[in-house]
Amino acid sequence: MNNSDYIIMTTRRDFIKISGLGLGGLALSTSGLGFYNHLSSAPPSGDELSLDLTRTPTYCEICFWKCAGWVYKNEEGKIWKVIGNEEDQHSNGRFCPRGTGGPGMYYDEDRLRTPLIRTDERGKQVFRQATWDEALGYVADKMKNIAEVHGPECVALLTHGSGGKYLGTLLKAFGSNSIAAPSYAQCRGPREVAYHMTFGEGVGSPERTDIRDTKCLVLIGSHLGENMHNGQVQEMSDAIDKGASIITVDPRYSIAASKSKYWLPIKPATDIALLLAWIHVIIEEGWYDSEYVEKYTFGFDQLKAHVKNMTPEWAYGITTIEPDLIRKSAKEMANAAPSVIIHPGRHVTWYGDDTQRSRAMAILNALLGSWGRRGGFYNPEAVSIPDWPHPPFPTPSRSWKDAYPDQFNLAYETLSSGICDATIPTLSKACNFKGWIVNGTNLLKTIPDSNKTIEAIQNLELLVVIDTMPMAITGWADVVLPECTYLERYDTIRDSPHRKPAIALRMPATPPLYETKPAYWIAKELSKKLDLEDYFSWNSIEEMLDWQLKQVGSSLEEMQRIGVKTFERTYDDLYFAPGQEMEFYTSTGKIELYSTSLASEGFDAMPVYTPHEEPPEGYYRLNYGRAPMHTFGRTANNALLKDLMEENAVWINPKVAKIWGITNGQYLWLENQDGIRSTFPVRARVTERIRWDSVYMVHGFGHTNKNLSRAYGRGASDSELITKVLMDPIMGGTGMRGNFVTFKFEPKEEEAAS
Amino acid sequence: MREEIIVSGRDNPLIDPHLHIWHWQIPLYLFLGGLAAGILFFAGLYTILGKEKSYPTAIRIAPHIVPIVLVIGLLALLLDLKHKLYFWRLYTTIRLESPMSWGAWVLMLVTPLSFIWSAIHIKDIFPRWNWKYQFLFTLEEFFTKYKLVIAWIMTIASVILGVYTGILFSAFNARPLWNTSILGPLFLASGLSAGAATIMLFSKNHAERGMLSRIDIGIIVVELFLIVHMFMGFLASTQVQINAAGLFLGGPYTASFWIFVVILGMIIPVILEILELRKYRIPVLIPAGLVLFGSLMLRFLIAFAGQESRWLY
Amino acid sequence: MRYAMAIDTKKCVGCSDCVVACQTENNVPVGYCRDWVVEVTDGTYPQLEIEIRSERCNQCNNSPCVRCCPTGASHYADGGVVLVTHEKCIGCGACITSCPYDARYSHPEGYVDKCTFCIHRIKQGLEPACVAACPTKCMYFGDLDDPNSPVSEILKVRKYKTLIPEAGTDPQLYFLI
């Protein structure tokens with residue numbers, strides 16, 4: 001980095017300068033950091049390399065899977081590589097490409113380095129450097145002000161990082177319980193509600209799918225293999241080794257489809273019809289697990305009557321899947337039952353009826369008797385780690401739900417988009433948010449219809465962004481607080497549920513670079529300024545973690561040595577015992593094929609197929625997904641991962657390409673049905689793998705912040721083209737697959753003129 | 001439809017999207033080496049045949065540029081190396097299977113020889129040359145006495161040098177365009193032709209020019225024959241070879257090859273030389289210059305096009 | 001002792017973990033890679049097929065790169081692994097040009113570099129970094145002369161192919177198909 005002022009820019013035309021000089025942190029940039037390839041003096045020549053250098057345990061933060069692993073340093077004490085911890089059930093000793101590329105996040109020279117305070121209008125994106133004391137003081141003052149005038153409930157936390165736990169404690173101490181992760185309303189919310197309605201429990205994270213012992217894995221749109229859920233991809237590979245069959249339902253020939261026994265190239269938005277036809281076949285042919293259904297479920301007769309006319313022939317007309325294939329695939333599932341998984345998927349906010357589609361999948365699982373059975377769904381267990389003792393939290397007088405009376409009663413978690421909408425003042429809203437703390441999530445790419453998000457932001461009195469990288473959202477903040485990466489900090493003890501309860505420790509491999517700080521430090525320092533220090537009464541994070549670990553039979557010293565500790569199960573068994581009496585947390589106490597809760601809220605008690613809007617002529621449905629070497633937009637600037645994939649491409653069927661005269665590798669712009677054109681051009685990949693009525697892109701590219709030197713302008717953003725949001729009325733999920741795009745061959749006129 | 005892509009973003013510098021690791025240094029060196037080989041060959045050959053009177057330029061004048069040419073060539077080679085400080089490793093071992101090793105050692109032999117040859121004929125261009133030191137006089141006498149031996153060694157070494165420049169490429173049959181044994185003789189012929197053209201350029205002796213002209217015409221005819229056979233070979237071979245040949249038959253190098261190398265570098269000089277033999281007055285600079293140009297372009301085009309051809313992807 | 005690697009194209013998902021694991025383990029400079037992943041799709045929608053291959057230097061038994069090296073820097077080491085001695089390499093690029101798999105590259109420090117089968121790890125009894133990192137466990141490594149090694153075992157029971165066998169290099173990277 002040169003010795004000029006630190007510059008933050010979010011659009012190609014805006015330049016944001018930080019007035020004020022003297023970047024003490026710059027001195028650090030020359031001490032062996034910066035470009036990864038200048039890391040060590042000489043690479044191993046093949047004859048000598050000392051191994052087993054100092055290693056520290058951590059769990060990865062690049063995606064939510066939180067694989068536990070070891071960070072190795074080289075002779076100079078610099079971070080060298082990250083590999084998996086063999087004792088870890090999430091990773092089994094093998095990290096995915098993103099985790100392996102973790103050092104790239106540490107060495108990224110574009111990282112946020114110092115706290116920043118906005119000095120001009122929001123939107124002009126002009127910042128100045130500040131000390132931590134000043135920045136935190138600013139935040140505290142604003143928070144106190146909001147509490148006085150509007151009430152503490154009007155400050156919300158939107159988080160998708162491990163640091164959210166500490167910030168959440170702070171916020172609850174402050175008097176608000178509006179804490180949301182975008183992964184609910186923008187991702188897995190519908191399936192959590194659907195499974196709650198059906199089985200009384202959600203699917204959870206990591207998903208409780210027993211893939212490694214399954215005989216048949218059914219993927220509805222899920223693209224495991226490109227979607228790099230580490231443990232699940234590993235188990236899918238194990239299952240393939242054991243001869244399991246895979247059935248994939250996807251308009252695109254995904255990698256999973258290429259390994260499938262049956263690939264159903266379904267017409268987009270018609271999945272519910274297929275699922276209902278499968279239910280019909282399985283019931284009519286008697287292929288369901290009658291003992292299981294008899295003993296554990298409620299509503300079978302209603303279901304049977306409901307699907308009476310939903311034959312494969314009926315579904316064929318809607319889905320274009322041949323009736324023969326529908327029957328064959330149903331038989332395949334039934335033969336494998338109960339070791340069959342209709343995979344619940346992960347990102348399921350597609351068309352607005354997603355809770356119902358997830359319900360159909362849950363019902364199918366119930367009919368085949370896979371819930372609670374080997375090769376189906378196991379019963380996960382987690383270690384319960386007590387919180388450090390603190391005074392009781394104040395009871396907030398309002399919650400985000402007050403902004404939506406009589407809506408979303410079935411939503412079990414907070415809706416980030418709900419908070420966003422409730423920030424825009426209207427007469428009818430009883431709760432108006434005035435302050436947001438955003439941690440580890442680039443809201444402008446996460447919540448669809450970013451113009452609305454920006455409108456909401458403009459109505460805020462305080463926007464604090466706590467992040468490691470200068471993502472687009474940082475340009476809109478009042479205060480930017482630089483967090484250090486997961487490789488430089490302690491964090492909460494990982495206590496995710498799995499087949500066996502286990503804990504994992506994250507500890508710093510090196511001290512934080514520049515002026516960055518971990519979230520626990522930020523929360524504690526902020527608590528001091530808010531007179532809430534009693535909630536963070538530990539003297540050091542080591543003291544806190546050690547105390548917590550001792551409560552569950554371990555210690556900080558032990559966890560630093562072993563990284564992961566697995567315990568024996570103490571509650572129920574991994575699977576239901578044959579004939580075991582079970583009670584489920586539903587209103588009937590049974591697995592509800594007919595959902596009484598949905599009925600009582602006025603929704604369809606059993607899923608119904610409703611046709612969705614189809615693309616007009618010349619337009620193609622915009623489908624998006626993941627690449628295994630990236631995590632959404634978080635890794636686009638990571639030098640190691642950018643090496644693997646530096647931009648996304650729009651997949652176009654050759655027949656369509658021929659009509660438009662598009663050649664492979666050509667760059668073009670996409671414009672959606674609302675006239676929004678992509679800011680950057682995107683490369684066309686002409687491939688047979690995509691259906692002629694859709695296009696496909698990997699999500700997370702097209703970054704607009706110029707401070708992301710490697711990610712800026714590469715590829716196009718699918719999220720900016722998602723302006724039509726299909727709201728799921730049951731739980732407020734934001735369906736994003738109702739947008740259609742056409743091809744344009746020059747940028748917007750305005751850009752062309754400038 | 002087959003779609004074959006690299007999904008892990010491979011973009012190794014100098015390797016992708018197609019090999020471009022050898023730039024101007026290598027073809028320049030090959031040209032200079034071939035030229036030197038040609039000149040030294042004729043010098044040595046005619047000395048052995050005792051035709052010093054008929055070919056004074058070939059033996060006494062033209063070889064003087066060879067040391068300069070070789071030094072430039074060696075400099076170009078050194079510049080091409082990516083690990084320059086270790087260049088001396090070339091001379092710590094002889095690897096018989098490596099044409100590059102052959103080349104390094106042959107150059108090690110030919111370069112001093114060319115200096116010696118130039119030294120013993122120095123008075124032909126600098127009549128008042130004075131060695132100054134006694135031991136240099138002694139050396140000059142010594143070498144002049146054994147001129148015939150030197151001529152023999154030089155002739156053989158120059159043939160090896162000429163052939164090696166071609167074999168160098170054909171050893172790399174990972175580049176389909178170079179996967180032909182015709183490249184060796186072709187480059188040798190091209191080098192001899194360039195040598196003959198240079199000698200013609202320097203020669204003031206009309207008879208000598210005529211003889212060399214005839215030899216040059218013969219060599220060029222052989223070259224054309226070899227080129228035709230090379231393409232026939234490619235087109236009758238596997239798909240990768242056909243694709244490689246396609247670079248010159250409709251691909252990006254078509255115009256430059258057929259115009260610069262074949263027409264300007266071979267056919268027109270032959271015509272001009274025939275006319276000259278039929279007593280038309282043609283300034284010798286034109287055919288000689290064109291032959292040299294064609295020889296240079298041949299090396300460049302084969303070097304660049306060859307790197308563009310590959311087996312995979 | 002003849003080291004070899006077998007890669008199951010049916011289990012590989014193309015995640016490229018092998019590429020970045022190699023990069024961190026061997027300090028391969030950013031912008032360079034010692035291995036790469038190729039995805040081949042055949043057919044017309046919806047009759048399609050995909051083959052995915054993780055490729056690298058094939059550590060050939062009959063390597064043109066070893067043959068053509070003028071200084072002996074490219075040589076056969078234990079188990080037939082082809083290595084480059086940095087201090088002997090002059091950076092002439094002959095080996096790069098002679099490789100039909102385009103597996104080598106010119107390291108910014110001047111010498112020629114490529115996959116070494118992580119010989120520094122093999123000597124410690126570990127597997128190459130790519131094999132150890134692969135989440136689908138689709139890579140098998142070992143000594144072909146040992147009938148019980150993972151690679152020998154898997155080659156007994158699966159069909160396999162090598163790349164460009166007609167180039168005559170006798171490559172030791174087997175793709176299970």
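**Entry 1**

I started with strand S1 of chain B, residues 2-6, and looked for its partner in chain C. In this predicted model, S1 of chain B pairs with S2(C) in the antiparallel sense, over five bridges. I then looked up one position in the pairing: B:Ile6 has C:Val38 of S2(C) as its bridge partner.

**Entry 2. Chain C against chain B**

Next I took the whole contact between these two chains. Chain C puts 46 residues into the contact and chain B puts in 40. The buried area comes to about 3900 Å², with 57% given by carbon and sulfur atoms. I asked which three residues supply more of the area that chain C buries here than any other three. They are C:Ile90, C:Thr97 and C:Asp102, which supply 18% of that area.

C:Asp102 turned up again when I went through the salt bridges. This residue forms one with B:Arg310, and the closest N and O atoms are 3.0 Å apart.

I then sorted the side of chain C that touches chain B by element. Strands S2 (36-44), S3 (47-55) and S6 (105-106) of chain C each supply at least two residues, as do helices H2 (64-68) and H3 (94-98). S2(C) gives the largest share, eight residues. By residue class, this side of chain C has 21 nonpolar, 14 polar and 11 charged residues.

**Entry 3. Chain C against chain A**

I repeated the look-up for the other partner. Here 49 residues of chain C are in contact with 53 residues of chain A. The two chains bury about 4100 Å² between them, and carbon and sulfur atoms account for 57% of it.

I found five salt bridges across this interface. One that I looked at joins the side chains of C:Glu25 and A:Lys81, at 2.5 Å from N to O.

Which elements of chain C give two or more residues to the side that touches chain A? I listed helices H1 (17-25), H4 (119-122) and H5 (129-133), together with strands S2 and S3. The largest share, seven residues, comes from H1(C). I divided this side of chain C by class as well, and got 23 nonpolar, 16 polar and 10 charged residues.

**Entry 4. Elements on both lists**

I checked S2 and S3 of chain C across the two entries. Both strands supply residues to the side that touches chain B, and both also give residues to the side that touches chain A.

Methods. Residues numbered from 1 in each chain as written. Chains lettered and ligands numbered in written order. Predicted model: local features only at pLDDT ≥ 70, side-chain atom pairs only at ≥ 80, totals over all residues. Heavy atoms only, no water. Contact = heavy atoms within 4.5 Å. Buried area = accessible area lost by both parts, 1.4 Å probe. Salt bridge = Lys/Arg side-chain N within 4 Å of Asp/Glu carboxyl O. Helix = DSSP H or I, 4+ residues; strand = E, 2+ residues; numbered from the N terminus. Nonpolar A, V, L, I, M, F, W, Y, C, P; charged D, E, K, R; others polar. Pairing = 2+ DSSP bridges.
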